[in-house]
Amino acid sequence: MSIRIDNTKCIKCRACLAICPGDLIEFDEILGATMDKQQRCWGCTACMKMCTKGAIELVATDYKVSSPIIEPDDNQTCHHRMSTMTTQASDDKVTWTITKTDGEKIIIETLKSESNQY
Ligand code: SF4
Ligand code: SF4
């Protein structure tokens, strides 16, 4: 597992950079948070729990090409589509959104103080 960052949502707060125990997330002045060390990410979700903008997605990663494998190609043919998960953090809550392979969404809300149980 690894993460993918949607830079159209990123507000450049750097919270994810500060929390990553592996110091894997980098910062680009124009794009905001960036991630290109997917092979080293162990999917702990700590960065996701900090993001108030839902900009970080947990994805399955094909380490051979070091890129997410959930996206359809230009012809909209899905390859290895898998479930994904995003989070939306607020002061005291984390809302987890799991999108299943058939498009069904499951939303789970946890207290931020208890989110490490998940
Ligand atoms: S926590 Fe979210 S909004 Fe803040 S820098 Fe990271 S990805 Fe961007
Ligand atoms: S999931 Fe964990 S290890 Fe991976 S980038 Fe986020 S904080 Fe770092």
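Visitor: By class, how many nonpolar, polar and charged residues has the shell around ligand 1?

Guide: This is a predicted model, in which local features need pLDDT of at least 70, side-chain atom pairs count only at pLDDT 80 or more, and totals for chains, interfaces and linings use all residues. Residues are numbered from 1 along each chain as its sequence is written, while chains are lettered from A and ligands numbered from 1 in the order in which they are written. Ala, Val, Leu, Ile, Met, Phe, Trp, Tyr, Cys and Pro count as nonpolar, Asp, Glu, Lys and Arg as charged, and the others, Gly among them, as polar. For ligand 1 the shell has 11 nonpolar, one polar and three charged residues.

Visitor: Which residues are closest to ligand 1?

Guide: A residue is near a molecule if its C-beta atom, placed from the backbone, lies within 6 Å of it. By that rule 15 residues surround ligand 1, and the closest are C10, C13, C16, A33 and C51.

Visitor: Which residues come nearest to ligand 2?

Guide: The shell around ligand 2 has 10 nonpolar, three polar and no charged residues. Of the 13 residues there, the nearest are C20, C41, C44, A46 and C47.

Visitor: How many helices and strands does the protein have?

Guide: Helices (H or I, at least four residues) and strands (E, at least two) are DSSP runs, numbered from the N terminus. The elements run β-α-β-β-α-β-β-β-β-β-β from that end. The secondary structure comes to two helices and nine strands.
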